[in-house]
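Here's a quick look at a helix pair and the charged contacts around it. Have the model open while you read.

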Amino acid sequence: MTNRTGKRVGLATIERRRAKITSEIAALGLPLPGSLVERRTRCGNTGCTCHGDPPQLHGPYLTWTRKVDNKTVTRTLDSAQAERLRPLLDNSRRLRELVSEFEALALRQVENDPAQPNP
């Protein structure tokens, strides 16, 4: 098994990285799915400055968007709510990164094991 530079990666290296990933996952706070987005909008009043040239859009409005039962759910937040949710959303992003790396390690281990099928 080789790494990106073409050097062979041993099982001990994989095990050390696996242990680091596991400990980082354990240390993460609660993960909250979704995205925090800042939006600026136009209203329906044609005489408003948001329809001018250049437009002066309304906002910013902070929204938290996520999927619930395969439907997109969006909730508008005030700045204090957004700041409280931001670390939880960051935890979710980091958890996805770590799980992807964990899966890549498993693939490397399987590739290195002659008893396993060739992936």
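Is E15 buried, partly exposed or exposed? E15 counts as partly exposed because its relative accessibility is 40% (buried means under 20% relative accessible area, exposed over 50%, partly exposed in between, with a 1.4 Å probe and protein chains only).

A word on the source: this is a predicted model, where local features need pLDDT of at least 70 and side-chain atom pairs count only at pLDDT 80 or more, while totals for chains, interfaces and linings use all residues. Residues are numbered from 1 along each chain as its sequence is written, and side-chain values use heavy atoms, leaving out hydrogens and water.

Now for the helices (DSSP runs of H or I, at least four residues, numbered from the N terminus). Helix α1 spans residues 11-27 and helix α2 residues 79-112, and they pack at an angle of about 160° with axes 10 Å apart. That makes α1 and α2 roughly antiparallel (angles over 145 degrees).

The structure has six salt bridges (a side-chain nitrogen of Lys or Arg within 4 Å of a carboxyl oxygen of Asp or Glu). Here are some of them:

| Salt bridge | Closest N and O atoms |
|---|---|
| R18 with E15 | 2.5 Å |
| E101 with R17 | 2.5 Å |
| R93 with D90 | 2.9 Å |

E101 sits in α2 and R17 in α1, so this pair ties together parts 84 residues apart in sequence. R18 and E15 are both in α1, three residues apart, about one turn of the helix. R93 and D90, also three residues apart, both lie in α2. Finally, salt bridges link E24, R94 and E97 in a network.

Key
Axes are lines fitted to C-alpha atoms, for helices over the stretch in contact, and angles run from 0 to 180 degrees between N-to-C directions. Helices (H or I, at least four residues) and strands (E, at least two) are DSSP runs, numbered from the N terminus. Angles under 35 degrees count as roughly parallel, over 145 as roughly antiparallel, 65 to 115 as roughly perpendicular and the rest as oblique.
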